[in-house]
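Subject: Handing over a model for your review

Dear colleague,

Please find below the structure that I would like to pass on to you, followed by an account of what was found in it.

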Amino acid sequence: MGSDNIVEANTAVGNSNGIVVFPSASNNAVRQNLAVGNPPIQQSTSAPTGGGVDIWDQSPPSNGNTFSGNLCLTAVNASCPTASRATPRKPGS
């Protein structure tokens, strides 16, 4: 992911990694996405060395990336709220 993007209402399921924000990315809004099962249940989830995660923010905290309303189970440097607080949207709705 680059800079100044909105990543919204996507579904990322069963991939090596779900949503990844690269180290140089800045000022991105990642919101209302469904990212679960990344990697698939059959693979290791000991990120970042053994496998992937649902949401992985590799950028420093000062880069201005925000994460809100996403539904995920695993994350590195990003929040994974409880399902009752997450508000993912279906694309096109």
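Strand 3 runs parallel to strand 6 (residues 55-57) and is joined to it by three bridges; within strand 6, Trp56 is the bridge partner of Val20.

Please keep in mind that this is a predicted model, in which local features need pLDDT of at least 70 and side-chain atom pairs count only at pLDDT 80 or more, while totals for chains, interfaces and linings use all residues. Residues are numbered from 1 along each chain as its sequence is written, and side-chain values use heavy atoms, with hydrogens and water left out.

Another open sheet consists of three strands in the order 1-4-7, and the pairing is parallel. Here the edge strands are strand 1 (6-8) and strand 7 (66-68), each pairing on one side only. Neighbouring strands of this sheet are turned by 10° against each other on average, direction ignored, with axes taken as lines fitted to C-alpha atoms and angles running from 0 to 180 degrees between N-to-C directions. Strand 1 and strand 4 (residues 29-31) run parallel and are joined by three bridges, and Ile6 stands opposite Ala29 in strand 4.

For the protein chain as a whole, the secondary structure comes to zero helices (H or I, at least four residues) and nine strands.

As for the interior, 34% of the 93 residues of the protein chain count as buried, that is, under 20% relative accessible area with a 1.4 Å probe, protein chains only. Leaving aside residues up to four places away in sequence, Val30 touches residues including Met1, Val7, Ile19, Val21 and Phe67, contact meaning heavy atoms within 4.5 Å.

Finally, the accessible surface of the protein chain comes to about 5,100 Å², of which 53% belongs to carbon and sulfur atoms, as computed by the Shrake-Rupley method with a 1.4 Å probe.

How values were computed: Pairing = 2+ DSSP bridges. Helix = DSSP H or I, 4+ residues; strand = E, 2+ residues; numbered from the N terminus. Buried < 20%, exposed > 50% of the residue type's maximum accessible area, 1.4 Å probe, protein only.
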